[in-house]
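Please read the numbered points below with the sequence and the model open beside you. Each point takes up one part of the chain and spells out the terms it relies on.

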Amino acid sequence: MFPDRHKRRRLLKPRKPAPELDPQSPLSWTVPDGRSFVLDFSRPVIMGVLNVTPDSFSDGGRWSDPEKAAERAREMMAEGAHVIDIGAETTRPGSEPTPEDEEWRRLLPVLEALRRIPGCPPVSVDTYRFSTAARSFMAGAAMLNDIYAGRKDRRIFRIASDGAVPIVLMHMQGEPRTMQAEPRYGDVVAEVREFLWERAKDAERNGVPRDRIILDPGLGFGKTADHNLELVRRLPEVFPPGYRTMMALSRKAFLGRILGGAPPAERDLATSVASAISFLKGARVVRVHNVKAAREALSVAEAVMRGTAGA
Ligand code: HH2
């Protein structure tokens, strides 16, 4: 039983490989209430941090009130944020997990307030819990940021897959309570790259399209200052090719150390410089507290990259 001549020719023809993702291609998606979003990955994508916690290491207690949070979101929008990332649990070194119901109690009113802002950029929720992610999605969140990269609960991939929303997968060694006790690596760059590649594959096996995955080396999560610097220095080697990329180093302790002990509130210039360096080395999303400062530094980096001062 041989296939006919035409069929045989078709079978013999080498199959085209699946198209590779251009990680700089635009990412566009629509959420169930009809809002559509586009992020241009050929340019810096700024994710503004909005922590609705009492105890985050740099902005804890400032934005817990929904009206204040909405006001800050509007301000970040005006300053050039393309995404607003809300977190309701601090993951600073040594921190204990926040109970799930408390996390949701903090998030819901802020999600509702942000949904009422006309033209609000996509809101990402910084959570590793499936139920929080699912409820946030129903309440208007358009993106997920999972610091455990699906290792706490793989069902989070289902939301990214069924809801077709982008998801950030971050590297962490250990867990926040103990991660800074004695972080150790053979080659931090190789280990982080391997981890990110493996987590991305797991997400894809669970239905998340590659173009929705954004990989983040997780600076400060089970890493010494030298590990962080090595990751920034060798950033092009850190990201597995063909994936969208992110760097989140805003106000982190290693910057304070470089500055001789500056507290978090005095690390914005260092954050902006390090974010611009990261962009030039291949990171596309940068997660920052001070959007305006980062925007200026990234505009310079982008102008240098393109060789022109025009946008
Ligand atoms: N860092 C923090 C929180 N979420 N998410 C990603 N993807 N990458 C990060 O490096 C990252 C993150 C910690 O910073 P912050 O939110 O400012 O502080 P806290 O955890 O104390 O709320």
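**Notes on the predicted model**

1. Trp29 is buried, with a relative accessible area of 3%, where buried stands for under 20% relative accessible area, exposed for over 50%, and partly exposed for what lies in between, using a 1.4 Å probe and protein chains only. Phe37 is buried too, with a relative accessible area of 7%.

2. A word on the basis of these notes: this is a predicted model, in which local features need pLDDT of at least 70 and side-chain atom pairs count only at pLDDT 80 or more, while totals for chains, interfaces and linings use all residues. Residues are numbered from 1 along each chain as its sequence is written, and side-chain values use heavy atoms, with hydrogens and water left out.

3. Rings of Phe, Tyr and Trp (for Trp, its six-membered ring) are said to pair if their centres lie within 6.5 Å, and the pair is called stacked if the planes are under 30 degrees apart, edge-to-face if they are over 60, and tilted for the rest. By this rule the count comes to 2 aromatic pairs. Trp29 and Phe37 form a tilted pair, with 5.5 Å from centre to centre and 45 degrees between the planes. Tyr128 and Tyr148 form an edge-to-face pair, at 4.9 Å centre to centre and with 70 degrees between the planes. This pair links distant parts of the chain, since Tyr128 is in the loop between β5 (123-126) and α4 (130-138), whereas Tyr148 is in the loop between β6 (143-146) and α5, 20 residues apart. Both Tyr128 and Tyr148 are buried.

4. Which residue lies over the face of Tyr148? Lys152 does, at 4.8 Å from the ring centre; a charge is taken to sit over a ring if NZ of Lys or CZ of Arg is within 6 Å of the ring centre and within 35 degrees of the ring normal. Arg244 lies over the face of Phe41, at 4.6 Å from the ring centre.

5. Helix α6 covers residues 188-205, and its 18 residues reach 26 Å from the first C-alpha to the last, close to the 26 Å expected at 1.5 Å a residue. The helices here (H or I, at least four residues) and the strands (E, at least two) are DSSP runs numbered from the N terminus, and the expected span of a helix is 1.5 Å times one less than its number of residues. The buried residues of α6 are Val188, Val189, Val192, Phe195, Leu196, Arg199, Ala200, Asp202 and Ala203. They cover an arc of only 165 degrees around the axis, which puts them on the same side of α6; the arc is that of the directions from the helix axis to the C-beta atoms. An α-helix has 3.6 residues a turn, so residues three or four places apart point the same way. On the other side of α6, Glu194 and Arg205 are exposed.

6. After α6 comes Gly207, whose phi is positive, near 100 degrees.

7. Helix α2 (residues 66-79) has 14 residues and reaches 20 Å from its first C-alpha to its last, close to the 20 Å expected at 1.5 Å a residue. In α2, the residues Ala69, Ala70, Arg72, Ala73 and Met76 are buried. They cover an arc of only 160 degrees around the axis, which puts them on the same side of α2. The face turned away from that buried side carries the exposed residues Glu71 and Ala78. Just after α2, Gly80 takes a positive phi of about 115 degrees.

8. Most residues other than glycine have a negative phi. Ala164, however, has a positive phi, near 55 degrees, and it lies in the loop between α5 and β7, where it counts as partly exposed at 27% relative accessibility. Arg251 also has a positive phi, near 60 degrees, and its place is in the loop between β9 (244-247) and α9 (253-258). At 11% relative accessibility, Arg251 counts as buried.
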